[in-house]
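User: I have a protein model open and would like to learn how to read it. Where do we begin?

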Amino acid sequence: MWLPTEGPAAEFAADYLPLHRAFYARELDDAALTEWRTTQLARVLDQVASGSPFYGKHLAGHDLAAVRPDDLTALPFTTKDDLRREMLDVLSRPLHEAVFFYETTGTTGRATPCPRDGREVLASNAHVTESWASIFRHHFGDRRPRIGLMGPTEVHSFGDTLGDVARNTGSMNAKIWPYSPVIGFPKALQLMKDLDLEVVCCTPGVALTLAKAAEHYGYDLRRDFGVKLLFVTGEMCTPALAANLESVWGADVYNILYGSQEAFVIATACRNKRMHLSQTNYLFEVVDPDSGTSYGPRGTGELTVTMLVDGVKPLVRYRTGDTVVVEESDCDCEMPGDLVRIVGRTLDRISLGERRFTAGQIELAVLTGVTGSAGYQVVIESDADGGDRVTVRLELLRGESVDAGALAARATGALGVPVAVELSDGLDPIVSTGAFVSWKAARIVDRRTEPDHETRVAQKMAANRGFTD
């Protein structure tokens, strides 16, 4: 594992790593964890109040000394709008203390700065390293697999973070982002074959597009490649989508981590394909997405995080915009921490008939039981009587089939509105934009309303995405 050798990051590592190792060895008792959280919360609150122009105003008048880890409700939320408005004024340490500068994509609003210093890199990557090492032991024993990293490598953390984690586990990694003009899909596929890559890390959308590209260029996924694990991230991946990906690639699919540019890695996967929260790095709250009422550290609602690592941009009560279910762990894996299941963005909730559905509920309704699919899209329209009706556009790889009638019946029962299934030879390229804009913009065509800002952004982006010659 990368270790800082001097300066504040090295001092932080000396305190943090023994705690981290004890946490993963199940030797950190509740009292020690509470002491760490209390100390770090006080440190972060003091730092942001005195060092961040935004938080200096945002937290003014609050008795920060009275705030405890088990009750943050006296403090105001931090929102994405705050970050877009305040930009570098959210930082509580000078920018030159950062070791990396990243930004959000800027596709759904103003791109916001997300610098990270050595403390933040160390603490965030340590949890991902534990996850990958455990899964690799489960699948490969003492042998280290060869990894292909397929994510953006500009002012985005994907390549740096996962490259560092691959190095921490002793694995060779190749950064082969197929949408890069330097790589492209033909080169990415060639390298996958020549290097006999065993683990591919990408978004679910890229995994599906890669399968279509392989078919287009004459590859056989099972004969020509040695992929044993797909590590997917960056987009929602329900069990139904994961099962479909496994049917396409013949590989085990792990929804490998959950996080964001702003908040780093919040949760990581275990060998049982469940997601565990990084509870030495954050305080977690689940809040009602409409009222903001806090349900405490567990429950169903919008995930809110307070960072415990005093880097250059710690966030206090940051509303992630993601709907989750958090439960106490009953997992028999090596990973500690509460279990979290991500069910979609709060903004992606959709009304159908008399009910509202999360993104996860819709994806499960239209994909459960589907195999061999290269992608899907959901079209929502009003019928002659003003009711809602849904058409599922489904693209299948060559030689695959689906019982469209049975799928339509299942989806109709789950969604409570009429559903038809339409097999397509090729979906709109917008479906590949999910990780860069939103699941809703990529997967939903809602003809009941005019296209919103995210959909218009995704449409423009889709015009430049593809793999054909």
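Analyst: Begin with a definition. A salt bridge is a side-chain nitrogen of Lys or Arg within 4 Å of a carboxyl oxygen of Asp or Glu. Keep in mind that this is a predicted model.

User: How many salt bridges does the structure hold?

Analyst: The count is 32. Take R274 and D330 as a case: their closest N and O atoms are 2.9 Å apart. R274 sits in the loop between β7 (264-269) and β8 (275-277), and D330 sits in the loop between β11 (318-327) and β12 (339-345), so this pair ties together parts 56 residues apart in sequence.

User: Is R274 buried, partly exposed or exposed? And what about D330?

Analyst: Compare the relative accessible area with the cut-offs: buried is under 20%, exposed is over 50%, and partly exposed is in between. R274 has 32%, so it counts as partly exposed. D330 has 60%, so it counts as exposed.

User: Which residue does D338 meet in a salt bridge?

Analyst: D338 meets R298, at 2.9 Å from N to O. D338 is in the loop between β11 and β12, while R298 is in the loop between β9 (282-287) and β10 (299-307), so the pair ties together parts 40 residues apart in sequence. Now apply the cut-offs again. D338, at 7% relative accessibility, counts as buried. R298, at 37%, counts as partly exposed.

User: Where do E381 and R447 lie?

Analyst: Their side chains form a salt bridge at 3.0 Å, N to O. E381 is in strand β15 (residues 373-382), and R447 is in the loop between β18 (444-446) and α14 (453-462). This pair links distant parts of the chain, 66 residues apart. E381 is buried, with a relative accessible area of 18%.

User: Next, sheets. In what order do the strands of the open sheet come?

Analyst: Read across the sheet, strand by strand. The order is β2-β1-β3-β4-β5, with parallel pairing among these 5 strands. β2 (173-175) and β5 (252-255) stand at the edges with a single partner strand each, so one side of each has no neighbour in the sheet. From one strand to the next, the twist averages 20°.

User: How many bridges join β1 to β3?

Analyst: There are 3 bridges between β1 (residues 147-149) and β3 (residues 199-202), and the two strands run parallel. Look at L149: its bridge partner in β3 is C201.

User: What lies across β4 and β5?

Analyst: Helix α10 (residues 239-249) lies across β4 (229-232) and β5. The helix runs at about 145° to β5.

User: Can we read a single residue in a helix? Where does T39 lie?

Analyst: T39 lies in helix α2 (residues 30-51). T39 is partly exposed, at 38% relative accessible area. Its side chain reaches the backbone oxygen of E35 at 3.0 Å. Compare sequence with space too: T39 and R26 are 13 residues apart along the chain, and their C-alpha atoms are separated by 21 Å.

User: Last, the inside. Which residues touch the most other members of the largest nonpolar core?

Analyst: They are W132, F231 and I266, in a core of 74 residues. Leave aside neighbours within four places in sequence, and I266 is in contact with residues including Y258, F284, L303 and V305. A second, separate core has 72 residues, among them L208, V366, A441 and A462.

Key:
Residues are numbered from 1 along each chain as its sequence is written. This is a predicted model: local features need pLDDT of at least 70, side-chain atom pairs count only at pLDDT 80 or more; totals for chains, interfaces and linings use all residues. Side-chain values use heavy atoms; hydrogens and water are left out. Helices (H or I, at least four residues) and strands (E, at least two) are DSSP runs, numbered from the N terminus. Buried means under 20% relative accessible area, exposed over 50%, partly exposed in between (1.4 Å probe, protein chains only). Two strands pair if DSSP finds at least two bridges between them. Axes are lines fitted to C-alpha atoms, for helices over the stretch in contact, and angles run from 0 to 180 degrees between N-to-C directions. Contact means heavy atoms within 4.5 Å. A polar contact is a pair of N or O atoms within 3.5 Å; within protein, one must be able to donate a hydrogen and the other to accept it, and residues adjacent in sequence count only if both atoms are side-chain atoms. A nonpolar core is a set of buried Ala, Val, Leu, Ile, Met, Phe, Trp, Tyr and Cys residues joined through side-chain atoms within 4.5 Å.
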